[in-house]
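This report describes how the chains of one model pack against each other and within themselves. The sequence and structure are shown first.

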Amino acid sequence: MDANLNSFVQNFFNSLSLGGLYALIAVGYTMVYGILRLINFAHGDIFMMGTYFAFYAITLFLLPWWLGFLVAICITGLLGYSIEKIAYRPLRNAPRISSLITAIGVSFFLESFAVVVFGGIPKSFNVYPKFFSEMLVMGKIRIPILTFITIIVTAFLFLFLWVLLYKTKTGLAMRAIAVDIPTTSLMGANVNNVISITFIVGSSFAAVAGILWAMKYPQVQPYMGFTPGLKAFIAAVIGGIGSIQGAIVGGFLLGFLEIMIVGFFPGLAGYRDVFAYVTLVIILMFRPTGIFKVYSEQKV
Amino acid sequence: MKKLSFKVNLILTIVFLIGVYFFLANANIFGDYWSRIITLIAIYGIMAISYTLVNGITGIFSLGQAGFIAIGAYTSALLTLSIQQKEMSFFIQPLIWPLNSIQIGFFPATIIGGLVAAFFAFLIGYPSLRLTGDYFAIATLAFAEIIRILIQNSYGLTNGTLGLKGISSYTTVWWAWGWLLVTVIVIGSLKFSSYGRALRAISEDPVAAKVMGIDVFRHQMMAFVISGFFAGVSGSLYAHWITTLDPRPASLGVMLTFYVLIMIVIGGLGSISGAIIGAIFFAFVSQWLRMFESNVNFFGFTIPGVPGMSMLMLSAIFILVMIFWRRGVMGKSELSWQSMYNFFKKRVGDENG
Amino acid sequence: MADNILRLERMTIKFGGLTAVDDLSMYINKGELVGLIGPNGAGKTTVFNVITGIYKPSSGKVYFKGIDITGLKPHLINQMGIARTFQNIRLFSDMTVLENTMVGQHSYFTNRKALKFLHAQDPQKYPKPSWKPWLFSAIFKTPDYTKVEKMMREKALDLLEKMELKKYADLKASALPYGQQRKLEIARALATNPTLLILDEPAAGMNPQESQRLLESIRKIMEDFSLTILLIEHDMKFVMNICERIYVLDYGKLISHGTPESVQNDKKVIEAYLGDEIYV
C-alpha cells in the first residue's frame, strides 16, 4: 500500500513536470497555428536546436551555465524569427498545403544540419550545476528537484505569456490577428512584426523546454525533437488548436496520461508514445476542435 | 503545331520500351553497384507514383506512406523467409502461427503484401478522411507512427527491434521494373479516365465536386487504398532488395515518407512521369551526395567527409524548390511524345528565326 | 401543390448565435423561373447551401419532387436532380473546359448507391445499375467503358455547343474570359442532368450586353432542357425581366413574395434596399 502511494506521488509530480514541458512546446504550435493556420512541423526541431545552443554555449564558449542558457534561449528565438522570414513568409499567399510541406522540409533541414554540424552521436548534457540533479527526499518519497524547478519555471513563463497577451498592445494585436489578419492590419497593427514576435516567443519557450528536457533526460541528439514535438502538437490539438489555455491543459493532460498509464501498467512501457497518437486519433474522430473549441465550421 | 497520330505515338512508345528493355538487360555492364541502384530507382518510382496519386492527383496531404510501405515489406518478408530462418531469427519470442510454418514465393508474397497494406489503408482512411487538410496530415502521420511502434513491439509477429534478417534477394532489375510498368499502367489509366477527372476535380475544389454529384469521400478512399496497395508492393520489393528490415524511425519512419515527398515535389505533384523523374533525381543525388560523406581527394587535398551531408543538401534543395519552383519539373502534366515534339519544334523554330 | 418541384418548409439556419435564415417557407413549381433577392447578407446563398446539402438546417425541411431531402449528402442531392452554380466562380481551373463539363457526368455512371436510389425513385429514367465494378472497367479500358467514355464526350461537346463554348473545349478553364467562365459554370451544372437548376448571381460582374445575352441563353436552356430555375441576383433589371415570381429576403426573413410588379412596389422591399429613402 505504502509503496503504491509513494510511487503515485512520484508519478504525480513527474506528470506535472513532463506535462509542463509538453505545454511549453505546445504553446508555440498553437500560437503559430492560431495566426497563420500553419502546423509548424519544424517546432520540435527548434526545441532540439535550443538544447544544442545551450550545450555549445557552455562547453564551447565556456559561458557560465545561467548565461549559456539565456544566450541559447535568445538565439533560438532568433532562429524561429529567421525561419519564419525565410521559409514561411514567401509562401504566405500560396495554398496552405505548400506552407505545410515547406515546414516539413525545414524540419528535416534542421535535423540534418544538427547531424552534420553537431554530429549524430548523442552527447551527454552535463553542463549545469550538480544541484539540479539532486533529489528531494521526504520519507520514502524521492522527487527530483528538477521537477519542481520545471513546474516553477513553466508557471512563471505562462504568467509572463498571460501578461504579454492581455496586458500589452502587442498581445492585443496577437489576439486580433489570430481572428482576422486583414482587418487587424487595417487597424494599424504591423502584421509582420506581430507574426515575428509570435515566432520568437514560441521558439524561446521551446528552447526553455529543451534545456529542461535535456536536464531531465540528459542526452542530446539531432532527432530528439521529433517525438516530443509531435506529442506537444497532439497536446495542442487535444486542448483545442489555436487556444493557448488549450495548449497548456492539453500538455498537462498528455503528461499525466503518459506517466500514469506506464505507472499503472509497467508492461506497456514500450508503447508509451502510442498513447499520445491513439488519443490524437480519438480526439480527431469525435471532437476535432478539441477541448477549448476555437474554430467552428468554415463558411462556404 | 502538328498533332502526332496514334500510330506514331504507338511506334515511339514501342521503340522506347524496347530501348528500356535492352538497357535493363545489360544493366550489369555498369557493375553490381549501379545495377542495384537502377533497381532501386524502380522501387522509388513505385513509391513515388503511389504517393503522388494521393497527394498530387487527389490533393489530400497524407504523411502515412511509410506505414504502408512498412506493412508491405514486413508482410511479404514474413511470407518468403524460410522456416529455418524464422526459427533462428525469432529467438526472443517465436513467430506466431501460421506464419512460422509457411513459406511462399516472391510474387504471391508481394501481392499479399500489397493487399494487406491496402486493407490498412482502408482502415486508416475511413476515419481520417473525414478530416480536413492539416488534420488529415497529422492523423496519417500518427497512424504511420502507431504502425511503426506496433511493429517495434510485437516480437511475436515482427521480431520487434531485432528486425528481420536474411531475406532472400529476390528483387531483380526485372521484378522491380516490371512492377513499375504495372504501376504506371494502372495509375496512368486511372488518371486518364473518368475517375481521374473526378479525382482532379476533388483536388481543386471538393465542395464544387460534391455539388457536381461526386461522392468525394468514396473517391478519396479509393485513391488512398489503391495508393496503399502499390506502397505495399514497393515495400515488398524494397525488403527483398535490402534483405534486412528494422523498424527504426530512420529506415521505415517519417524519414522515408519525407524522401518520397521530396521525389514527388521535385518531379511535380500530380504527375506520374514527374514521380519517376523525381525518383531518378533522388536516387542519383542521394548517391552522389553520399560522396561527400567520406573523404574526397581533390588535387592532393583531402576534404574530410561529413556524414549526413546528403540529407542536409537534399532538404535545402527541397525548401528552395518549395519557395521558388513549387510546380516542380512536370507540374501536373505528363511527359508525352506530343509534348516533347512541341517542345523541340518550338526551340528549333526559334533558332531558325 | 402537387406540381411542386421544390418546397422549403419553415427553414431556419443558425450559426452559433447568428440566425442566418429565419422560418423561411417557399415553393417552386415545375417549369417556373423564380428569383430570390435581398440585400447583401440576407442569407440567400445560405439557403442555396442548405438546398444543395452543403449545410444542414437547424430546423425545417426541404422537399424535392415530394421527397424529403433535408440533410442528404450534396452528391446525392445532385444526382436526384438539383444542380447549382456559385457566386464566386468555382470552376476546376486546371482542367480543360471539356473536362469540366465531363466531370458532371462521372457520377451517373459510377455511383452505384445513388443509381440504386434513383432507380427506385424513377425506374424509367434510371436503369438498374450493373453489378460490374466500374473502377476496374475504367482502369483496364474495357469496351463497355470505352463506349461510355465516348458517349460522355459527345454529350459534353453537344452541351458546350449549345452554350456556344465548343471552340474553347481544349482550353484550360482559367484561360477563359470572365463572361465565358460564368457560362461554363452553367454548362458544367447542366452536364449533371438536373431537373432544377439553381443559379447564384449568374450575371455578377457582367456588363449590360453580357447580361442581356445571358438572359436570353437562360430562357433558351430552360426550354431546351425543360428546366425549372431558381436564381439569386442583384441586378434588378435582370430579375424583373426574367422571373415569374420573386421571393425577397432581408436579414434572413421573408419580407415579400409575388410577381415582379407587386414586389417592386412593396414598401417593405423598398425600405430593405434603400433604408427609409423615398423610391422615385
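## Contact between chains A and B

In this predicted model, the contact draws 42 residues from chain A and 40 residues from chain B. Chain A and chain B together bury about 3,600 Å², and 82% of that area lies on carbon and sulfur atoms. On the side of chain A, the residues that lose the most area to chain B are A:Ile101, A:Phe108 and A:Met285, which together account for 17% of what that side buries.

Zero salt bridges are counted between chain A and chain B. Polar contacts between the two chains amount to three residue pairs, with both residues of each pair at pLDDT 80 or more.

## Elements on the chain A side

Four helices of chain A, namely H3 (65-88), H4 (96-118), H9 (226-239) and H11 (272-286), each supply at least two residues of the side that touches chain B. H4(A) provides the largest share of this side, with 15 residues. Sorted by class, the side of chain A that touches chain B consists of 34 nonpolar, five polar and three charged residues.

## Nonpolar cores

The largest nonpolar core comprises 252 residues, and the residues with the most contacts inside it are A:Phe125, B:Leu261 and C:Leu197. The greatest contribution to this core comes from helix H8 of chain A (residues 191-216), which gives 15 residues. Another core, of 30 residues, lies apart from it and includes C:Val34, C:Tyr55, C:Phe64 and C:Ile198.

The surroundings of B:Leu261 can be listed residue by residue. Leaving aside residues up to four places away in sequence, B:Leu261 touches A:Ile101 and A:Ile104 in chain A, together with B:Tyr51, B:Asn55, B:Phe61 and B:Phe318 in chain B.

## The setting of A:Met31

A:Met31 is placed in helix H1 of chain A, which covers residues 2-36. Its relative accessibility is 5%, so A:Met31 counts as buried, the cut-off for that class being under 20%.

Beyond residues up to four places away in sequence, the contacts of A:Met31 are A:Leu161, A:Met174, A:Thr198, A:Val201, A:Gly202 and A:Ile244. A:Met31 and A:Arg175 stand 144 residues apart along the chain, and their C-alpha atoms are separated by 9.3 Å.

Notes
Residues numbered from 1 in each chain as written. Chains lettered and ligands numbered in written order. Predicted model: local features only at pLDDT ≥ 70, side-chain atom pairs only at ≥ 80, totals over all residues. Heavy atoms only, no water. Core = buried A, V, L, I, M, F, W, Y, C linked by side-chain atoms within 4.5 Å. Buried < 20%, exposed > 50% of the residue type's maximum accessible area, 1.4 Å probe, protein only. Contact = heavy atoms within 4.5 Å. Buried area = accessible area lost by both parts, 1.4 Å probe. Salt bridge = Lys/Arg side-chain N within 4 Å of Asp/Glu carboxyl O. Polar contact = N/O pair within 3.5 Å; in protein donor to acceptor, adjacent residues only side chain to side chain. Nonpolar A, V, L, I, M, F, W, Y, C, P; charged D, E, K, R; others polar.
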